Protein chains: 6
Amino acid sequence: MADSRFALTELDDLPVDLRERVGAIAEKSGFVPNIFRALGHRPAELRAFLDYHDALMDRSDGLSKAERELVVVATSGANHCTYCVVAHGAILRIRARDPQLADRVATNPWQVELDERGRAIVDLALALTREPELFGEAEVARARSAGLTEDEIWDVGSITALFAASNRLAHLTALRPNPEFYQLGRS
Amino acid sequence: MADSRFALTELDDLPVDLRERVGAIAEKSGFVPNIFRALGHRPAELRAFLDYHDALMDRSDGLSKAERELVVVATSGANHCTYCVVAHGAILRIRARDPQLADRVATNPWQVELDERGRAIVDLALALTREPELFGEAEVARARSAGLTEDEIWDVGSITALFAASNRLAHLTALRPNPEFYQLGRS
Amino acid sequence: MADSRFALTELDDLPVDLRERVGAIAEKSGFVPNIFRALGHRPAELRAFLDYHDALMDRSDGLSKAERELVVVATSGANHCTYCVVAHGAILRIRARDPQLADRVATNPWQVELDERGRAIVDLALALTREPELFGEAEVARARSAGLTEDEIWDVGSITALFAASNRLAHLTALRPNPEFYQLGRS
Amino acid sequence: MADSRFALTELDDLPVDLRERVGAIAEKSGFVPNIFRALGHRPAELRAFLDYHDALMDRSDGLSKAERELVVVATSGANHCTYCVVAHGAILRIRARDPQLADRVATNPWQVELDERGRAIVDLALALTREPELFGEAEVARARSAGLTEDEIWDVGSITALFAASNRLAHLTALRPNPEFYQLGRS
Amino acid sequence: MADSRFALTELDDLPVDLRERVGAIAEKSGFVPNIFRALGHRPAELRAFLDYHDALMDRSDGLSKAERELVVVATSGANHCTYCVVAHGAILRIRARDPQLADRVATNPWQVELDERGRAIVDLALALTREPELFGEAEVARARSAGLTEDEIWDVGSITALFAASNRLAHLTALRPNPEFYQLGRS
Amino acid sequence: MADSRFALTELDDLPVDLRERVGAIAEKSGFVPNIFRALGHRPAELRAFLDYHDALMDRSDGLSKAERELVVVATSGANHCTYCVVAHGAILRIRARDPQLADRVATNPWQVELDERGRAIVDLALALTREPELFGEAEVARARSAGLTEDEIWDVGSITALFAASNRLAHLTALRPNPEFYQLGRS
């Protein structure tokens, strides 16, 4: 049972800029998340993926870090993406300082109990996830009336879009979560 | 009827690197494709999007340029993405030198008549598009037995993933295709 | 790549009444639409099909000619019917004097921008198209409150029904659109 | 609880040709099937509907009468069409001289036990019913290898198409089955 | 064509308590319903099934007997369960003293005409049947505002749950309805 | 945020037989699983539920205990049932002595890597879960050819059926998992 259906690239075999960038993440986590090993044989794609990720997930205004992860876990749950649910479930546990929320969000994002703002964020994200052709003015209006700003609506939509891609890369590669992710943030 | 549900950014208001990059496309096409105006208010996201796009769509080995567009039009058709179908339909007409293929692919990608290699490419892409959780070893095996290399399988999967994101950005923004796209490559 | 999966009947081999009737259409269009060649080996069915079509599409009161084609293109798009989308897309472009509307309607009928009456017509048609068992009093009430008369509601429903049949005949026969349709009404 | 959501037309108010034609059916059955009362306010449509129906259902070669009704009941069951299931269920009971078959076919056409030819007929019909965009060469090849001729395949496909329309007319009108149908052919 | 895909157990071969219990039903009906013959080889399961059934279907307060059968027929229709539709359709005909209602409910539970209370019962049941992950506070609130008590809501939900199991046992065993059921309560 | 949408019954308020039975479970686990508190106000239903559960889950021959839990977690994942996924995920971790398997099974049961027997068990269970009307001889034949006995096929089917009920009870009650379940068996 390999970690990916395709060839993996180890940290030392990445171009120097990516080695530094992924190395910093690895140092912080204590391991190299498998997604980087799986995308590493295509440095230009990995670089663009990291740039897109950082532009959306490290933004300081609008949604909180925990809310950004909420979008990721909800849409990855709806897409049945094991790597993203396990890896970002761990990050959500840490960001939200809640050891149980992520499992509930991932298993049933449609009905998980959330406060009004959280529900509006997840509903907006879900509306773009599985049948995006039905997404329209009504969904945006509901988000606005729950108090989301235009900028926050953009964030929810764009994170949903990025992880629509990310989920599919994980499905494409049959990517396995690193064992460490399962236990992070549980206690 | 605006071109996007959110604020648009005109060429002159983009950061200089993006102004040059998008400007070059505009010069070649004769117009600024609306996707760049729609993403322009988030330069870091637009830059990452362009980088990811170029890494996958301008690659010289493996799939031909026309085959890459075939993936885009088939999956955007399955996702009912008007902007992507109209814009990339135009590019497919030009790349494939076929004024009719794009409309047939976009309308019914599941049954459009293609040669064996084209069918294998489109089947692989469709398997990741709407129910990616069902994608597995069987789909990859079928692609291999139609002669696709590992590198080509990766390309099909990654382009499908990128346009899963791109389609959703267009749904999020209710993005309208530029009028010029409808007619390009038809004669 | 044949025009139909089954035997085709040329104009000269049709019974005299159908030869005249289809001949008149061919004279006006400059070509014999493939649907008539595909159904021609069953003259009684072709005759009934033409009668039903004319009873609904050539009616002078209620819906305009363009609105009738709007129903056809929206439901054929939802059914992914290549022949009907390409052929009736051309007619819609001509009837609505709009070179872009048809592609937008066919690609995403659920969210294409339309005025209130157009939206009510398309919503009613879509409600009968893919999950007709859910069609009920609520859908009819919405159409009425958008100002559609009983007669217009009937027209929308019956045209939707006829093209539910027509789409399936095109799927059955793998019917290819005549090349002329792709370009009609685009300039 | 009216028999139709729209105005009904009684036998005496039909144009003379339809009065005779529907009258003959009424005489044979002992009642006027509600579909004719529901369509009667649009004589041209009723006439075309009857012509199409007779061309397909009264054909003497190829499929047997019972097999034609099998297609109707299977596809109407898949479409949850109450009028068609109850009315044509009665006819199937009579044509197949089997008081139980129709209820089994209508409730679960995908798995009802049938002989090989019956299964091939129903599978072909179902493939065109709910997701006709997936219908292709594979479905036709399976029908051929079960021994169906081109003419029989056409019949199955065309009857499926006609009742895709007919089911939707019944959904449009919330058509109620005549009470007599429920009991016909049960003993 | 066997009555079940697995071994059947006849009345005389059941443990004594089940022989008495099923025997009493058989005496009343005039035949042994096939579900008991199909489950009989697992006495502990049959006993629990009967206990659960009786706890829910023979309760004297809250929903009427006919309303309990309405839930069974509606959800079994939505699940295309032939045994349950035919067997409980018979019971519904008898309990509701209506020879036609059951066929209408089973064929299209979503749109069958019912009074407000009946509609609320069936809507609640359907919301739990096919996509139970979407069931939430909104569905419960609608049931309450139609006048259902907490106890009645529980009954509808629990009967739906029990027959979600029962339908699947019938699908698992390809269970055939006893011939007697088809005709019961029709005159 | 209550543990159930309906009234809860504490251990001390259960009838004596249930108090002993649930008490024994509570003693072993260290807490009263919420499902028993949620069903407790209907003792006859809780008793039947426990009997059915024990008849299937405590059986000594055929499927192993871990395999029985595999069926529960896979089908509860497909049904997005938070309580069942979290509670039985814990039991599967313990029974299979694997801290990661349950999360992978629950998130994507269709593609989780399993050995041939495990895959056959899960495929059989999934075939009965969401579209049970399509379950037929082909699914049973595949299970047989992977070496499952008739008795094991029955177990898989019956456990799937029981948890189709159980999942819906949890959806009905918006049942929350006890906090202890999240962490059990993870180290």
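**Chain interfaces and selected residues in a predicted model**

The side chains of B:Glu113 and C:Arg176 meet in a salt bridge, with N and O 2.9 Å apart; a salt bridge here is a side-chain nitrogen of Lys or Arg within 4 Å of a carboxyl oxygen of Asp or Glu. This is a predicted model, in which local features need pLDDT of at least 70 and side-chain atom pairs count only at pLDDT 80 or more, while totals for chains, interfaces and linings use all residues. Residues are numbered from 1 along each chain as its sequence is written, chains are lettered from A and ligands numbered from 1 in the order in which they are written, and side-chain values use heavy atoms, with hydrogens and water left out.

Across the interface of chain C and chain B, three salt bridges are found. Helix H5 (82-95), helix H6 (101-107) and helix H10 (179-183) of chain C each supply at least two residues of the side that touches chain B; helices (H or I, at least four residues) and strands (E, at least two) are DSSP runs, numbered from the N terminus. That side of chain C divides into seven nonpolar, seven polar and five charged residues. In this classification Ala, Val, Leu, Ile, Met, Phe, Trp, Tyr, Cys and Pro count as nonpolar, Asp, Glu, Lys and Arg as charged, and the others, Gly among them, as polar. The contact (heavy atoms within 4.5 Å) takes 19 residues from chain C and 21 residues from chain B. The size of an interface is often given as the accessible area lost when the parts come together. Chain C and chain B bury about 2,100 Å² between them, with 52% of it on carbon and sulfur atoms; buried area is the accessible area (1.4 Å probe) that two parts lose on being put together, summed over both. In chain C, the residues that lose the most area to chain B are C:His80, C:Thr107 and C:Tyr182, together 29% of what that side buries. Eight residue pairs are in polar contact between chain C and chain B, both residues being at pLDDT 80 or more. A polar contact is a pair of N or O atoms within 3.5 Å; within protein, one must be able to donate a hydrogen and the other to accept it, and residues adjacent in sequence count only if both atoms are side-chain atoms.

Between chain B and chain A, the contact takes 43 residues from each of chain B and chain A. About 4,000 Å² is buried between these two chains, 64% of it on carbon and sulfur atoms. B:Tyr52, B:Trp154 and B:Arg168 supply 21% of the area that chain B buries against chain A, more than any other three residues. Eight salt bridges are counted between chain B and chain A. One of them joins A:Arg42 and B:Asp155, whose closest N and O atoms are 2.7 Å apart. On the side of chain B that touches chain A, two or more residues come from each of helix H2 (34-39), helix H3 (43-57), helix H7 (116-129), helix H8 (137-145) and helix H9 (150-173). H9(B) gives the largest share, 16 residues. By class, this side of chain B has 21 nonpolar, nine polar and 13 charged residues.

Two other chain pairs do not touch. The nearest C-alpha atoms of chain B and chain E are 16 Å apart, and those of chain C and chain F are 16 Å apart.

Within chain E, E:Thr9 is found in the segment before helix H1 (16-29). E:Thr9 counts as buried at 10% relative accessibility, where buried means under 20% relative accessible area, exposed over 50% and partly exposed in between (1.4 Å probe, protein chains only). A polar atom of the E:Thr9 side chain lies 3.1 Å from the backbone nitrogen of E:His41. Leaving aside neighbours within four places in sequence, E:Thr9 is in contact with E:Leu14, E:Arg37, E:Gly40 and E:His41. E:Arg37 is placed in helix H2 (residues 34-39) of chain E and is buried, with a relative accessible area of 13%. The side chain of E:Arg37 makes polar contacts with the side chains of E:Glu10, at 2.9 Å, and E:Asn34, at 2.7 Å. Beyond four places in sequence, the contacts of E:Arg37 include E:Asp3, E:Ala7, E:Leu8 and E:Val32.

A search of the whole structure finds zero disulfides over all chains, a disulfide being a pair of cysteine sulfur atoms within 2.5 Å. A:Cys81 is in no disulfide, and the nearest cysteine sulfur, that of A:Cys84, is 3.2 Å away. A:Cys81 is buried, with a relative accessible area of 1%. In chain F, the sulfur of F:Cys84 is 3.2 Å from the closest cysteine sulfur, in F:Cys81, which is too far for a bond. F:Cys84 is buried, with a relative accessible area of 2%.
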